[in-house]
Amino acid sequence: MGSDGLFDKFKSQEAVNFIRERMMEQDFMSQCVDRIAKSIAFESIYVKNVQDNTTVLVIALNRGI
């Protein structure tokens, strides 16, 4: 989930792809989701230059483990 600050620069599917790619790259730990949320927020604010406030919440429900 994210605020309009995130989705001003990310289409919904782009955000999903961004998060999925990073979850596949990292060993899954409880802190993994936190790092990924920070990563997409950083990308939105500093790389894509969003001027609005940005809130991101990543919830891992079922990873098939």
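What follows is a working chat about a predicted model of a protein.

Me: What should I know about the model before reading it, and how are residues numbered?
Reply: This is a predicted model, in which local features need pLDDT of at least 70 and side-chain atom pairs count only at pLDDT 80 or more, while totals for chains, interfaces and linings use all residues. Residues are numbered from 1 along each chain as its sequence is written, and side-chain values use heavy atoms, with hydrogens and water left out.

Me: What is the mean pLDDT of the protein?
Reply: The mean pLDDT is 86, and 85% of the residues reach 70 or more, where pLDDT is the predictor's confidence in each residue, from 0 to 100. Among the elements, confidence is lowest in helix 3, at a mean of 88, and highest in helix 1 (residues 4-7), at 92. Where pLDDT is low, the predicted coordinates should not be read in detail.

Me: How many helices and strands are there?
Reply: The secondary structure comes to 3 helices and 0 strands, and from the N terminus on the elements run α-α-α. Helices (H or I, at least four residues) and strands (E, at least two) are DSSP runs, numbered from the N terminus.

Me: How much of the protein is made up of buried residues?
Reply: Buried residues make up 29% of the 65 residues, with buried meaning under 20% relative accessible area, exposed over 50% and partly exposed in between (1.4 Å probe, protein chains only).

Me: Where is Ser44, and is Ser44 buried or exposed?
Reply: Ser44 has its place in helix 3 and is buried, with a relative accessible area of 0%. Ser44 and Lys9 are 35 residues apart in sequence, and their C-alpha atoms are 6.7 Å apart in space.

Me: Switching to rings, how many aromatic pairs are there?
Reply: The count comes to 2 aromatic pairs, under the rule that rings of Phe, Tyr and Trp (its six-membered ring) pair if their centres lie within 6.5 Å, planes under 30 degrees apart counting as stacked, over 60 as edge-to-face and the rest as tilted. Phe10 and Phe18 form an edge-to-face pair, with 5.8 Å centre to centre and 75° between the planes. Phe10 counts as buried at 5% relative accessibility, and Phe18 counts as buried at 9%.

Me: And why is the pair of Phe42 and Tyr46 called what it is?
Reply: The ring centres of Phe42 and Tyr46 are 4.8 Å apart and their planes are at 40°, so the pair is tilted. Both residues lie in helix 3 (residues 30-47), 4 residues apart, about one turn of the helix. Phe42 is partly exposed, with a relative accessible area of 47%, whereas Tyr46 counts as exposed at 60%.

Me: Back to Phe18 for a moment, what lies over the face of that ring?
Reply: Arg22 lies over the face of Phe18, at 3.5 Å from the ring centre. Lys48, in turn, lies over the face of Phe10, at 4.3 Å from the ring centre. A charge sits over a ring if NZ of Lys or CZ of Arg is within 6 Å of the ring centre and within 35 degrees of the ring normal.

Me: Which residue forms a salt bridge with Arg22?
Reply: Arg22 forms a salt bridge with Glu21, and the closest N and O atoms are 3.7 Å apart; a salt bridge is a side-chain nitrogen of Lys or Arg within 4 Å of a carboxyl oxygen of Asp or Glu. Arg22 counts as partly exposed at 21% relative accessibility, and Glu21 is partly exposed as well, with a relative accessible area of 47%.

Me: How many salt bridges does the structure hold?
Reply: The structure holds 2 salt bridges, one of which joins the side chains of Lys38 and Asp34 at 3.3 Å, N to O. Lys38 and Asp34 are 4 residues apart in helix 3, so about one helical turn separates them. Lys38 is exposed, with a relative accessible area of 54%, while Asp34 is partly exposed, at 42%.

Me: What about the phi of Asn49?
Reply: Phi of Asn49 is near 60°, a positive value in a residue other than glycine. Asn49 lies in the segment after helix 3 and counts as partly exposed at 48% relative accessibility.
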